[in-house]
Structure formats: C-alpha cells, structure tokens
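I opened a new notebook page for this chain. My plan is to look up a few things and jot down what turns up.

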Amino acid sequence: MSVSRPDYTDLRIRHLDMIQGVISRMSMNSGTIKRYAVVISAAAVSFAKFAKEPMILWLSMTVVILFALLDARYLRLERCYRDLFDIVRTEPASKKPDFRLTPAQDGHSICVVLYSWSVLGLYGAMILFMLAAIRFVGK
C-alpha cells in the first residue's frame, strides 16, 4: 500500500493568481505615472512657451524627476513580486502554500531600476526635451 502525498495544485494556482494580481496593479500604476509625466511635461512646455518663462520648465523638470523616482519604485516592487511568483511557482506540489505576499527584496535596488530602459529611456528623453525647450522659450 502506497502513501499518497497531498496535492495542493489548486491552492498554489490561487496563490499565483493573487501574486499576479499584485504584479498587474504595479504595472498599471507605472503606466499611469508615465502618462501623467508626459502630460505634465507637454503642458509645461506649452505654458512656458506661451508665458515666455523658462522657470516653468525648470520646476516641471523637478516634477518629472519625482515621477521617475516613483515609477522606479513601482518597477522595483513589480520585479520583487515577479521573483516571489517564481519562488512559489517552483515549489513542489506536495508543499502547502502559505499565501505569503511579502515580496522578495534581494537584488533589486532603486538605483539599478532607475537605469532600466523603461525609466531612464522615457524620463531621460522628457528631460532632454525640456532642456532643449528652455533654449527656445525665452525667444
């Protein structure tokens, strides 16, 4: 007579669905922040050109940098939750899931994430665009 091990596949799938929901929310928040940053930078360039005041662009660049830091934080959390997803996914089927949602914090510093293409590429381009616009605003 063989002793059967319990199969926790259904519970593991529910746990993975919960983690995937968190990852999806982090991704949506990151996209929302990107949209706000683009709108604010475009509005600042238009308003600065209309008012002929380059200080508006300097102030809005500060806001864009803050959005970049916030976006990097969401991307860092998303990566941590993806690591947790992989940890839970590779656990044996006989191990009962503990439904933890505390992300794995290893290896994802904010500085590394800031240099990713989705953060530095977008926000760097916005800042370069605003710096170029500063030259033409006062004229």
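Is D86 buried, exposed or partly exposed? I looked it up: D86 is partly exposed, at a relative accessible area of 35%. For these labels, buried means under 20% relative accessible area, exposed means over 50%, and partly exposed is in between, with a 1.4 Å probe and protein chains only.

**Ground rules**

I am working on a predicted model, where local features need pLDDT of at least 70, side-chain atom pairs count only at pLDDT 80 or more, and totals for chains, interfaces and linings use all residues. Residues are numbered from 1 along each chain as its sequence is written, and side-chain values use heavy atoms, with hydrogens and water left out.

**Salt bridges**

Side chains of opposite charge can pair when their charged atoms come close. I took a salt bridge to be a side-chain nitrogen of Lys or Arg within 4 Å of a carboxyl oxygen of Asp or Glu. That rule gives 7 salt bridges.

I started with D86, which pairs with R89, the closest N and O atoms being 3.5 Å apart. Both sit in helix α2, 3 residues apart, about one turn of the helix. My helices are DSSP runs (H or I, at least four residues; strands would be E, at least two), numbered from the N terminus. R89 is partly exposed too, at 46% relative accessibility.

Within it I checked E91 and R12, whose closest N and O atoms are 3.0 Å apart in a salt bridge. This pair links distant parts of the chain, 79 residues apart: E91 is in the loop between α2 (55–89) and α3 (110–114), and R12 is in helix α1 (residues 9–51). E91 counts as buried, at 13% relative accessibility. R12 is buried as well, with a relative accessible area of 6%.

Then I looked at K34, which forms a salt bridge with D71; here the closest N and O atoms are 2.5 Å apart. K34 lies in helix α1 and D71 in helix α2, so the pair ties together parts 37 residues apart in sequence. D71 is buried, at a relative accessible area of 0%.

Most residues other than glycine have a negative phi. I found K52 with a positive phi of about 55 degrees, though it is not a glycine. K52 is in the loop between α1 and α2. F99 also has a positive phi of about 55 degrees without being a glycine. I placed F99 in the loop between α2 and α3, and it counts as partly exposed at 30% relative accessibility.

**Cysteines**

How many disulfides are there? I counted 0, taking a disulfide as a pair of cysteine sulfur atoms within 2.5 Å. For C80, the nearest cysteine sulfur is that of C111, 14 Å away. C80 counts as buried, at 0% relative accessibility.

**Nonpolar patch**

Last, I logged a nonpolar surface patch of about 530 Å², made by M55, W58, L59, L128 and L131. Patch residues have over 30% relative accessible area and no salt bridge; like charges are joined within 9 Å, nonpolar side chains (Val, Leu, Ile, Met, Phe, Trp, Tyr) within 5 Å. Areas come from the Shrake-Rupley method with a 1.4 Å probe, and for residues only the protein chains shown count as cover. The elements giving two or more residues are α2 and α4 (117–137), and the largest share, 3 residues, comes from α2. L128 is found in helix α4 and is exposed, at 58%.
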